[in-house]
Amino acid sequence: MLIPSRLFLPVIQCAICYALLMALPWLTATPSESHELLSPAGSSMKAGSLAFEQGAFGDALSHWKQAAEIYKGFGNVPGQIEALVLSSQASLGLGQSKQALQSLELALGLAQKSGDPLVEAPIWGHLGRAYLALRQLPQASEFLRQASSFAHKQNSSPLLAVTLNDLGILMVLQHQNEKALDAFQASMTHAQSAGLSLLAATARTNAARTLLRLNQPTESRLALDAALDQLKNLTPTSRNTSLGLIGIALAYQRLLPHLPQARNPLILRTAGVLKQAATIAEQQGDKRTLSYALGYLGHLYEIEFRMDDALQLTRRALFIAQSVDAPESLYRWQWQLGRQLAATGQLDQAIAAYRQATMTLQPIRIEVAQASSDGPFDGQDTVKPLFFELADLLLQRASLGDENSAVDSDLFAARDAIEAYKSAELRDYFKDDCVDAVRSRLTTFDRLSPDTAVIYPIMFSSRLELLMSLPTGLKRIAVPVTAEQLTQEIRVFRRLVEKRTTREYLPHAQQLYNWLIRPLEADVSRSAITTLVFVPDSALRTIPLAALHDGSTFLINKFALAMTPGLTLTDPRPLNREKLRFLTAGLTKSVQGFPPLPHVADEIQAIQQLYKSDQLMDNAFQISRLERELREERYGGLHIGTHGQFSTDVNDSFLLTFDGRLTMQTLEQLIGLFRFRQDPLELLTLSACQTGIGDDRAALGLAGVALKAGARSALATLWFINDEASATLIAEFYRQLRNPAVSKAVALQRAQVRLVNDRVYGHPAYWSPFLLMNNWL
């Protein structure tokens, strides 16, 4: 059975991820008996197997790739297929997911030429698991269901055991826990009848985790006990035995808050199982797995406040991870060490360890996000705490500092930690390195304009920290409100501010103003600031800050406002009005069940009167036409007036066209040409989009779409406004934008203030959802 260590990336506080426990017995890490082990190819296959079993994935990949080439040269297609599949597992172990998929697709192509489903079926399963690890569920479902259908037709217990276990994982990721439990239990039955004890223990562990998700902790513990008994009786032991034991140990640990009366026995059981896993890994010479066993044991002792033991084990796990070049575990133990040092009052050493963890994490960030454990299940980011805990420690040290230079250094470092997280967050949302490409093209804001302040609201569990970049330097103010209190107030405000017929939102708008703005008023006033740029986090991305209220007036009446996912992601150049030619596109008619948008015509007419422009309206607004226009013409602005939806998953976000739905991936491809032109896309306007209330990740997509698509600025709405108010505001924004002395932020401010003062449209439901994102100049 082959279980890539690449998938072994659970959150420290959570049990082992389902992905770790995916069983792969169709192709084992041992070359099949049909290979002549004395031949060059057979020797390479055997050497790869031995290296893989010891966690030396780089060596294993090298040997198996060599074997694949030798088989190819001799025309041995079955041997080449097996070597390619094994290479894919080594690639996954190294976090090289794209290379793994390439190997599997090449293997599938060779298998399809044989016309034998017996050859294809195992590769379907491997492709399904690779896509599962990447959290690309539609592709995973397609391949796994192909494999499952074939397994049922063959009535093969081994194949059914594997596919049912994998489908159970898929169902968990789709939040179908009852169906997942049935699949795991069926997998267990088939595995036992086929004599696959390790797979049976794997499926039982998965079932135990699912039982806990179904709030059945006692039944979960019984299932874990049974899985442990199965593993203990396995001979001979192997690397997979160690991994299975670690999975069971972490599942036991996850039970602790649910079975407080059994805490001590569970702690002892968890520690004993981790020690057994470490012993087996050491006997096997498998340093990667040994690092995990010791590291998780160190965390167990940490939560039991045995800090001396915890520090010793964590340092040992860290050293071993360094020795085998395993960054996917190394960053975790560096992070854990930093946390333990902070808990023992060693602040400087703790900060150093945290910084090492963030540097180790940087090149593997996408892989960690895609293979994380319960984060994707629960909508949580698995490494956000790393960056925020580092920022917290830096702010703590700044508050203790005496020298201004040291204090300023820590404040800037805290800001940089948040910026690093913002970049990583967008990279994860889009599941690629587009953010790094954008950052490489940008120059930085060396100095803010004298009338601008950038505000970082950082939500910690016990307080809100406001970091404000002024032209004169950084200011820091702590506000005594918990993250839970602030988030609750944000949710209520967002729900009420959309109600056009009431002023129920007002007390909440004032409370949020008191927390977010009032503590900064003195410094803002002293510096004569007129523009506030927010780098919001979490729930703060979901609300219109323009509608915050000081008791007498809205925030938008006092300041021009903008949002950016990060200052390092923002192109600092001002708007080039001379080259601002627009392509306008939109739908006024009802399409695909969505209501008509009659006032989109007014928006587009206003643009035509003010700027050089071309238009694609209604049946002309098709994806192929949009592509042709953007490919053949030069535009500085793209205005799209159509229904749009931004959701937690970037794959579910879209803009409606006459002939279909424009996904974020397609939008990036369509206007990605601007990245290679001297003149960038200055402005992308989406005038009828919406995000779900409380959907923080969707709001991230709203801000990130312009960045992903290569646009320097975006104007979009938090909720849908099918009203004359939208057309009026958009037209006024574009009118103001013609003035060279007016920034985009000020142009939007003036347009919003016009509606604030309108007798009909003065309610913030009409004007506040418009957000200017990224470049505000």
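## Contact between α3 and α4

In this predicted model, helix α3 contributes V77, Q80, I81, L84, V85, S87, S88, S91 and L92 to a contact with helix α4, where the partners are S97, Q99, A100, S103, L104, L106, A107, L110 and A111. By class, the residues of this contact comprise 11 nonpolar and 7 polar, with no charged residue.

Two packed helices are described by the angle between their axes and the distance between the axes. For α3 (residues 77-93) and α4 (residues 97-114), the axes come within 8 Å and cross at roughly 165 degrees. Because angles over 145 degrees count as roughly antiparallel, α3 is described as roughly antiparallel to α4. The crossing of α3 and α4 is left-handed.

## Overall composition of the chain

The chain has 777 residues, of which 62% count as buried. Its secondary structure consists of 31 helices and 13 strands. When contacts between residues at least 6 apart in sequence are considered, 71% of them join residues at least 24 apart.

## Nonpolar cores

The largest nonpolar core holds 244 residues, and within it L532 and Y734 touch the most other members. With residues up to four places away in sequence not counted, Y734 touches F582, I607, L610, Y611, H639, L683 and T685. Another core, of 7 residues, lies apart from the largest one; among its members are M188, A191, L199 and A203.

## Backbone features in loops

Most residues other than glycine have a negative phi, and most peptide bonds are trans. The following residues depart from these patterns.

The peptide bond that joins T235 and P236 is cis, with omega about -10 degrees. P236 belongs to the loop between α10 (217-232) and α11 (239-255).

S538, a residue other than glycine, has a positive phi, near 50 degrees. S538 lies in the loop between β4 (531-534) and β5 (560-563). Its relative accessibility is 15%, so S538 counts as buried. D618 likewise has a positive phi near 50 degrees and is not glycine. The loop that holds D618 runs between β7 (613-617) and α26 (623-632). D618 has a relative accessibility of 10% and therefore counts as buried.

Technical notes:
Residues are numbered from 1 along each chain as its sequence is written. This is a predicted model: local features need pLDDT of at least 70, side-chain atom pairs count only at pLDDT 80 or more; totals for chains, interfaces and linings use all residues. Side-chain values use heavy atoms; hydrogens and water are left out. Axes are lines fitted to C-alpha atoms, for helices over the stretch in contact, and angles run from 0 to 180 degrees between N-to-C directions. Helices (H or I, at least four residues) and strands (E, at least two) are DSSP runs, numbered from the N terminus. Angles under 35 degrees count as roughly parallel, over 145 as roughly antiparallel, 65 to 115 as roughly perpendicular and the rest as oblique. A crossing is left-handed if the near helix is turned anticlockwise from the far one by less than a right angle, and right-handed if clockwise. Contact means heavy atoms within 4.5 Å. Ala, Val, Leu, Ile, Met, Phe, Trp, Tyr, Cys and Pro count as nonpolar, Asp, Glu, Lys and Arg as charged, and the others, Gly among them, as polar. A nonpolar core is a set of buried Ala, Val, Leu, Ile, Met, Phe, Trp, Tyr and Cys residues joined through side-chain atoms within 4.5 Å. Buried means under 20% relative accessible area, exposed over 50%, partly exposed in between (1.4 Å probe, protein chains only).
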